[in-house]
Amino acid sequence: MFLRNYWYVAATDSEIGRKPFARTILNEPIVFFRTEDGTPVAFEDRCAHRHLPLSMGRLVGDRLQCHYHGLQYDRTGACVRIPGQDRIPPDAKVKTYPVVERYRWVWIWMGDPALADPARITDFHWLDDADWGAKSSYLYVKANWQLIVDNLLDLTHLAFVHESTIGNAALAEHATVKVTRAPNNVVVTRWIIDQPAPPTFVKVGGFTSNVDRWQIIDFAPPAFLRLDVGATPTGTGAPEGKRVGGIGMRNLNAITPETETTSHYFWGQAHDFDVKNATLTNTIFEQIRTAFHQDVEVFSAQQRNLNIFVNPPQIDIAADAGVIAARRILSRLHDEEQAASRVAAE
Ligand code: FES
Ligand SMILES: [Fe+2]
């Protein structure tokens with residue numbers, strides 16, 4: 001199940017350059033490149049002549065030349081040269097996709113191009129905002145995208161999967177949790193008051209006594225999870241908004257389905273303290289990266305089981321409240337997209 005009328009992160013800014021770059025998104029093979037002025041372009045990765053992936057070709061100026069018989073396509077996807085012939089058939093063109101570069105990511109619109117409004121790109125400004133230190137990365141995951149969404153909406157798993165980094169027992173046992181639902185948004189707010197700080201927080205925040213810790217998870221469809229996380233020494237008033245003397249971070253996640261069972265996982269970590277300290281940015285990033293590799297192991301193993309046991313029954317627990325709310329939104333939005341495309345086809 002995929003939602004189409006959305007902006008997805010297609011690539012990091014450095015992945016796309018003057019060499020054609022292939023990536024499958026929502027089951028569609030796509031080739032990306034930059035024109036000479038640096039503008040990112042995306043085509044369907046299939047030559048209009050005999051279907052060779054255009055990503056096997058090369059750039060000639062601003063034109064992408066197919067590796068097989070040398071047809072050249074301009075940035076609009078129109079074939080503008082066929083070696084040895086003057087007439088270009090009118091159907092000699094490839095599908096193009098709207099792309100926009102923002103927050104050090106290249107975004108792609110996978111739905112009806114007429115609806116591709118860049119104002120609808122989800123805000124990830126923390127990744128390139130001078131008031132924050134930040135570093136982002138990419139993981140290829142052999143799991144359905146919704147397993148990753150579930151993972152980020154239920155952080156009780158930190159106590160078990162990430163006890164060496166960002167988790168500890170206090171998270172699962174001593175937290176107050178609130179789930180706020182809106183038509184297209186779920187927010188899960190978790191407070192852990194007067195409990196020991198987890199290993200990563202001790203390392204980067206220098207906490208020597210108990211902390212008040214928050215995790216505020218914001219879910220926006222189809223698969224954007226922006227986590228406001230941090231801690232202050234206990235009793236300083238963080239729950240009332242007085243976030244002083246501690247650390248604040250944003251854990252930023254954009255998941256793009258590749259197929260039903262594989263995903264592109266773009267993520268980053270931003271921090272609001274000592275923002276110009278690149279060593280600190282890196283230390284925080286490495287801690288989270290360790291944790292995320294632990295997650296990838298989990299959802300890849302879930303997927304392996306789901307490939308064997310097709311649609312197995314499952315039980316829900318109280319910690320699933322956010323997960324269930326997000327799944328409801330996604331299934332409703334999917335039904336709406338399907339109904340709209342049926343109407344359009346009639
Ligand atoms: S397949 Fe691309 S030019 Fe023939
Ligand atoms: Fe995790």
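Reply: The turns below take up strands, cores, a metal site and some single residues. Please keep in mind that this is a predicted model.

Me: Let us begin with the sheet of four strands. In which order do its strands lie?

Reply: The order is E2-E3-E4-E9, the sheet is open, and the pairing is antiparallel. Strand E2 (21–25) and strand E9 (96–97) are at the edges; each has a single partner strand, so one side of each has no neighbour in the sheet.

Me: How many bridges join E2 and strand E3?

Reply: Five bridges join E2 to E3 (residues 28–34), in the antiparallel sense. For instance, alanine 22 has valine 31 in E3 as its bridge partner.

Me: What is there to see in the pair formed by E10 and E11?

Reply: These two strands form a hairpin with two residues between them, and tyrosine 103 in the turn has a positive phi of about 60°.

Me: Which residues touch the most other members of the largest nonpolar core?

Reply: The general idea is that nonpolar side chains tend to be buried together in soluble globular proteins. In this model the largest nonpolar core has 67 residues, and Phe32, Ile108, Leu153, Leu225, Ile255 and Tyr265 touch the most other members. Helix H5 (residues 278–308) gives the largest share of this core, eight residues. Another core, of 19 residues, lies apart from it, and Trp107, Ala116, Phe124 and Ala270 are among its members.

Me: Which residues coordinate the iron ion (ligand 2)?

Reply: A metal site is read from its donor atoms and the angles among them. Here the donors to the iron ion (ligand 2) are His157 (NE2), His162 (NE2), Asp295 (OD) and Asp295 (OD), at 2.1 to 2.3 Å. The angles among these four donor atoms run from 59 to 143°, and the site is irregular. The donor residues follow the spacing H-x4-H-x132-D in sequence.

Me: Where does glutamine 303 lie, in a helix or in a strand?

Reply: Glutamine 303 is part of helix H5, and with 6% relative accessibility it counts as buried. Its side chain makes a polar contact with that of asparagine 307 (2.8 Å). Apart from neighbours within four places in sequence, glutamine 303 is in contact with residues including Asn144, Leu147 and Glu260.

Me: How far apart in space are threonine 122 and tyrosine 8?

Reply: They are 9.1 Å apart, C-alpha to C-alpha, although 114 residues apart in sequence. Threonine 122 is in the loop between E11 and strand E12 (133–141), and at 12% relative accessibility it counts as buried. Beyond its neighbours within four places in sequence, threonine 122 is in contact with Tyr103, Trp107, Phe224 and Arg226.

Methods:
Residues are numbered from 1 along each chain as its sequence is written. Chains are lettered from A and ligands numbered from 1 in the order in which they are written. This is a predicted model: local features need pLDDT of at least 70, side-chain atom pairs count only at pLDDT 80 or more; totals for chains, interfaces and linings use all residues. Side-chain values use heavy atoms; hydrogens and water are left out. Two strands pair if DSSP finds at least two bridges between them. A nonpolar core is a set of buried Ala, Val, Leu, Ile, Met, Phe, Trp, Tyr and Cys residues joined through side-chain atoms within 4.5 Å. Buried means under 20% relative accessible area, exposed over 50%, partly exposed in between (1.4 Å probe, protein chains only). Donors are N, O and S atoms within 2.8 Å of the metal (3.2 Å for Na, K and Ca); water is not among the atoms, so sites may look incomplete. Four donors count as tetrahedral if all angles lie between 85 and 135 degrees; four count as square planar and six as octahedral if opposite donors are over 155 degrees apart and all others between 65 and 115; anything else is irregular. A polar contact is a pair of N or O atoms within 3.5 Å; within protein, one must be able to donate a hydrogen and the other to accept it, and residues adjacent in sequence count only if both atoms are side-chain atoms. Contact means heavy atoms within 4.5 Å.
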